[in-house]
Amino acid sequence: FDETKPRYYNYGTGNLNDRPYSFKTVPTELDYGVYVEDRFDLPVYQKPLNVRAGMRFDIQNNMANYSPRISTSYELNTKLRFNMALGWSSKSASLSQRYPGPVYSDIPLIKYYTNNPNENLYLVHTEVINPNNSHLGSSKSSTFEVGLVYTDKVINTAIYYYYKKTRNGFDATRTIIPVTLP
């Protein structure tokens, strides 16, 4: 494999191709997090309401994120239990998303082919695009869940409703970049 010669792939967007990328150019990051949780019971109508509450704190990509969570469980009777949970979370962009490698677009200028391989000519202009996503922050999600669990000697079943909303998610975009050909 000669890294000075392009490897051609057609991604459906023209003559884009892949070339080796050194991740040594990506800055190092120190990420860390802490999670604390408590579990306790509260008496409600002479029955315990089980509560779990937690908080996660992360520093990822030099950005602070807080992710609180709470879940509850309440025994309505000996066979039926009500559950509910609510939480917020964040997801940091990966280093490959924040610091992607260059994109190479090879545009053929001359394609001249004959029966004699020594007389063929293929001239290509390569446009190099260096994307910069270092500004990417974290995506945020909020979730809500509520359900009933039924258990007896023969049957163990549950029904749940689950809702999740994500904001600031990561997605690929297409950008038209004008190219001046020689």
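I started with arginine 52, which is partly exposed at a relative accessible area of 39%. My scale: buried is under 20% relative accessible area, exposed is over 50%, and partly exposed lies in between, with a 1.4 Å probe and protein chains only. I am working on a predicted model, where local features need pLDDT of at least 70 and side-chain atom pairs count only at pLDDT 80 or more, while totals for chains, interfaces and linings use all residues. I number residues from 1 along each chain as its sequence is written, and side-chain values use heavy atoms, with hydrogens and water left out.

**Salt bridges**

I count a salt bridge when a side-chain nitrogen of Lys or Arg lies within 4 Å of a carboxyl oxygen of Asp or Glu. My strands (E, at least two residues) and helices (H or I, at least four) are DSSP runs numbered from the N terminus. Glutamate 37 is partly exposed, at 45% relative accessibility.

I find 5 salt bridges in the structure. Among them is aspartate 41 with arginine 39, at 3.9 Å from N to O. Aspartate 41 is partly exposed at 41%, and arginine 39 is partly exposed at 46%.

I also looked up arginine 56. Its salt bridge goes to aspartate 58, with the closest N and O atoms 2.9 Å apart. Is aspartate 58 buried or exposed? Aspartate 58 is buried, because its relative accessibility is 5%. Arginine 56 is partly exposed at 32%.

I traced 6 strands in an open sheet, in the order E3-E4-E5-E6-E9-E10, with antiparallel pairing. Strand E3 (32-44) and strand E10 (156-167) stand at the edges. Each has a single partner strand, so one side of each is left without a neighbour in the sheet. The twist averages 10° from one strand to the next. For such angles, axes are lines fitted to C-alpha atoms (for helices, over the stretch in contact), and angles run from 0 to 180 degrees between N-to-C directions.

How many bridges join strand E9 (residues 139-151) and E10? I count 12, in the antiparallel sense. Two strands pair if DSSP finds at least two bridges between them. Glycine 147 stands opposite tyrosine 160 in E10. Background: strands of a sheet pair through backbone hydrogen bonds, either parallel or antiparallel.

**Loop between E3 and E4**

I checked tyrosine 45, which lies in the loop between E3 and E4. Its phi is near 55°, a positive value in a residue other than glycine. Tyrosine 45 is exposed at 71%. Glutamine 46 has its place in the loop between E3 and E4. Glutamine 46 is not a glycine, yet has a positive phi of about 65°. Glutamine 46 is exposed at 79%.

**Aromatic pair**

My search of the whole structure gave 1 aromatic pair. Phenylalanine 57 and tyrosine 66 form the pair, tilted, at 4.9 Å centre to centre and 45° between the planes. Rings of Phe, Tyr and Trp (its six-membered ring) pair if their centres lie within 6.5 Å; planes under 30 degrees apart count as stacked, over 60 as edge-to-face, and the rest as tilted. Phenylalanine 57 is partly exposed at 25%, while tyrosine 66 is exposed at 57%.

I placed histidine 125 in strand E8 (residues 121-129). Histidine 125 counts as buried, because its relative accessibility is 16%. A polar contact of 3.0 Å joins its side chain to that of glutamate 127. A polar contact is a pair of N or O atoms within 3.5 Å; within protein, one must be able to donate a hydrogen and the other to accept it, and residues adjacent in sequence count only if both atoms are side-chain atoms. Setting aside neighbours within four places in sequence, I listed contacts of histidine 125 (heavy atoms within 4.5 Å), including Ser105, Asp106, Val179 and Pro182.

Last, I looked up proline 131, in the loop between E8 and E9. Proline 131 is partly exposed at 31%. Leaving aside neighbours within four places in sequence, proline 131 is in contact with Pro100, Gly101, Pro102 and Val103. Its C-alpha atom is 21 Å from that of lysine 91, 40 residues apart along the chain.
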